[in-house]
Amino acid sequence: NKTLLEKVGNQIKNLRTRSGLSQEKLAFDCELDRTYIGSVERGERNVSVINLSKIANALDVPLFELLNF
């Protein structure tokens, strides 16, 4: 549901900004497109587990941290 996607997106955005990364730098580190990262952060995409893992690795946090809200 949309609320869950928004919560995940907000958590990713919070972790990204806390790390001092731009969307562009995070996307580069994940090997994903910047527009994809933006849509995930806005809760517009149902992000796959594989891409969540890439994002967690790029943020240097355990995967569960992306769902810790």
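Which residues does Ile55 touch, not counting residues up to four places away in sequence?

Guide: The structure is a predicted model, in which local features need pLDDT of at least 70, side-chain atom pairs count only at pLDDT 80 or more, and totals for chains, interfaces and linings use all residues. Residues are numbered from 1 along each chain as its sequence is written, and side-chain values use heavy atoms, with hydrogens and water left out.

Not counting residues up to four places away in sequence, Ile55 touches Ile12, Leu26, Cys30, Leu32, Ile37 and Leu66; contact here means heavy atoms within 4.5 Å. Ile55 belongs to the largest nonpolar core, which has 19 residues. Such a core is a set of buried Ala, Val, Leu, Ile, Met, Phe, Trp, Tyr and Cys residues joined through side-chain atoms within 4.5 Å. Buried means under 20% relative accessible area, exposed over 50%, and partly exposed in between (1.4 Å probe, protein chains only). The members that touch the most others are Ile12, Leu26, Ile55, Leu59 and Leu66. At least two residues of this core come from each of α1 (2–18), α2 (23–30), α3 (34–41) and α4 (49–59), and α4 gives the largest share, five residues. These elements are DSSP runs numbered from the N terminus, helices being H or I of at least four residues and strands E of at least two. In soluble globular proteins, nonpolar side chains tend to be buried together.

An α-helix has 3.6 residues a turn, so residues three or four places apart point the same way.

Leaving aside its neighbours within four places in sequence, Ala27 is in contact with Leu32, Asp33, Arg34 and Ile37. Its C-alpha atom is separated by 16 Å from that of Val49, 22 residues apart along the chain. In α3, Ser39 has a relative accessibility of 5%, so Ser39 too counts as buried. Ser39 touches Glu44 and Arg45, with residues up to four places away in sequence not counted.

Two backbone positions complete the account. Glu31, in the loop between α2 and α3, has a positive phi of about 60 degrees although it is not a glycine. Because its relative accessibility is 69%, Glu31 counts as exposed. Asp60, in the segment after α4, likewise has a positive phi of about 60 degrees without being a glycine. With a relative accessible area of 71%, Asp60 is exposed. Most residues other than glycine have a negative phi.

As to confidence, the mean pLDDT of the chain is 96, and 99% of its residues reach 70 or more; pLDDT is the predictor's confidence in each residue, from 0 to 100.
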